[in-house]
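Let's take a guided walk through a protein complex, one stop at a time. Keep the picture open beside you as you read.

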Amino acid sequence: MNVKLSRNELIAKRVAEELEGRLIVNLGIGIPTLVPQYLDNPEVFLHTENGMLGIDDVEEDNIDPNIVNAGKLPIAETKNSSYFNSAESFAMIRGGHVDVAVLGALQVDETGKIANWAIPGKNIIGVGGAMDLLVGAKKIVVAMTHLTKKNQIKIKKQCEFPLTSTRPVDMIVTDYAVFRVKNEELYLTELMPGVTLEEVKENTEANFTVQLKGEEVY
Amino acid sequence: MSKIIKDVNQLLREQLTDGQTILVGGFGLIGAPLTLIEELSNIDVSDLSIVSNNLGEKGKGLGKVLNQGKISKGIGSYFTSNPDVGERYQKGEIELQLLPQGTLSESIRAGGAGIGGYFTKTSVGTDLAKGKDIRVIYGEEYVFEPAIKGDVAFIKAYKADQAGNLVYYKTARNFNPLMATAAKYVIAEVEHIVEDGELDPEEIVTPHLFVDAIVQSRYILTKEGVVPVEREIV
């Protein structure tokens, strides 16, 4: 296949590659919802906070409006699916029973903390499950475009928008690069195809250490 | 003694008064008690506090009741799904209490279980924890959240028997079983009403002691949106 992937698809594909082994994975709204189409690991079980474990893609003809994910998009059951109420679903999340959460973000700071629930002055009055996932999931992967639609920098020294949690995320996947977060510091570990280190530096305000495969630069 | 009520309008006129707190199930329109909400739009009440994940969608579900000016306070986790909520909030026409979804659901669970409140790590260090009590437990910071209770709960279930045992459907379950435990008067709207003995005791999610009244759904969510349905009441 020689299909050119969009920026969002490229990010989703890279996140999917990260999901190895037997895992319970929660996918947020936006780019994370594209991840399943690149998953071919039968041991990944998708959890959605509105009350379902074990999620598959749905064919257009089989859509049931009462089977949806947290983004209210139609989904299907798998052979081992289960349903549960919202409190039980968040007990799974806060209680440390979800292995990986893949979330979108508005901004990330240089310690790996994210802002993804509010923009001051705008009518975005919703937090959903983001704060619960950040305190409870064992690993947090951010899947987001490197820049805003207006080409503004999202990986900043400090977030201007309110933080979602005091806990730093573990990994950031953008259409420019992959960063890992260790001890509240960012490490650039991969460049996305066709992107140069200079381009990442120009479009990232936060300090980061370059640690590309097979080399260790300053 | 059956709990089935045929005249929903009269039931709501009897049970609802100005200034009450109503718990309303659903995640958006999924699992929302659309018949009870529709009837609420026909009832003359005001100054309601609504506990629900969202205040419906624009002009739909609770969005319709919102636009009638009957709701003075919303307690939920994701008001973004209805842009009218933000507009009214900016104009000072509605008070909002935003809670993380896990905190919203656990607070309702606590309310129904006789728990006054609890400590959670969720929201510690964020704007949503401002002004709330913090306690260090086993070396980690937790924030205190009080329980949530309602005067009336509007529940959507799939099936009920005559006694009021409830069975839910797929992800339309969400907040409904929790809210069924946490209000003084609980009205369950269901798609199918069956005879006692037809539900397997193993499949019942909400036992009948939580339910005060059962009404037949007259509006259901389909692929084409919300549609009216006619069903014979047992």
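Gly63(B) is buried because 20 other C-beta atoms lie within 10 Å of its own. The rule here is that a residue counts as buried with 20 or more other C-beta atoms within 10 Å of its own, exposed with 12 or fewer, and partly exposed in between, the C-beta atoms being placed from the backbone. Gly63(B) belongs to helix H3 of chain B, residues 62-67. Helices (H or I, at least four residues) and strands (E, at least two) are DSSP runs, numbered from the N terminus. If you set aside the neighbours within four places in sequence, Gly63(B) is in contact with Leu55(B), Gly56(B), Glu57(B), Lys58(B), Asn82(B) and Asp84(B). Contact is used for two residues whose C-beta atoms, placed from the backbone, lie within 7 Å. Lys159(B) is elsewhere: its C-alpha atom is 26 Å from that of Gly63(B), and 96 residues separate the two along the chain.

Before going on, a word about what you are looking at. This is a predicted model, in which local features need pLDDT of at least 70, side-chain atom pairs count only at pLDDT 80 or more, and totals for chains, interfaces and linings use all residues. Residues are numbered from 1 along each chain as its sequence is written, while chains are lettered from A and ligands numbered from 1 in the order in which they are written. The pLDDT is the predictor's confidence in each residue, from 0 to 100. For chain B its mean is 96, and 98% of the residues reach 70 or more. For the complex, the predictor gives an ipTM of 0.96 and a pTM of 0.96.

Now find Thr35(B), which sits in helix H2 of chain B, residues 34-40. Is Thr35(B) buried or exposed? Thr35(B) counts as buried, because it has 23 C-beta neighbours inside 10 Å. Not counting residues up to four places away in sequence, Thr35(B) touches Val8(B), Glu189(B), Val215(B), Ser217(B), Arg218(B) and Tyr219(B).

From there, move to a sheet in chain B. Three strands form this open sheet in the order S5-S7-S6, with antiparallel pairing. Two strands pair if DSSP finds at least two bridges between them. Strands S5 (117-120) and S6 (134-137) of chain B stand at the edges with a single partner strand each, so one side of each has no neighbour in the sheet. From one strand to the next, the twist averages 40°. S5(B) and S7(B), residues 140-146, run antiparallel and are joined by four bridges. Within this pair, Gly117(B) stands opposite Pro146(B). Helix H5 of chain B, residues 101-112, lies across S5 and S7 of chain B and runs at about 150° to S5(B). For such angles, axes are lines fitted to C-alpha atoms, for helices over the stretch in contact, and the angles run from 0 to 180 degrees between N-to-C directions.

Chain B also has a hairpin, which joins S12(B) to S13(B) through two residues. These strands, residues 219-222 and 225-228, pair in the antiparallel sense over four bridges. Look there for Leu221(B), which stands opposite Val226(B).

Next comes chain A, which has four helices and twelve strands. Of its 218 residues, 46% count as buried. Ten strands make an open sheet with mixed pairing, in the order S4-S3-S2-S1-S5-S8-S9-S10-S11-S12. Its edge strands are S4 (76-83) and S12 (209-210) of chain A, each pairing on one side only. Inside the sheet, S1(A), residues 23-27, and S5(A), residues 100-103, pair in the parallel sense over three bridges. Leu27(A) has Val102(A) in S5(A) as its bridge partner. Helix H1 of chain A, residues 7-18, lies across S5, S8, S9 and S10 of chain A, at about 160° to S8(A).

Our last stop is where the chains meet. How many residues of each chain are in contact with the other? The contact involves 33 residues of chain A and 42 residues of chain B. On the chain A side, helix H2 (86-94) and helix H3 (130-136) are the elements that give two or more residues. The largest share, five residues, comes from H2(A).
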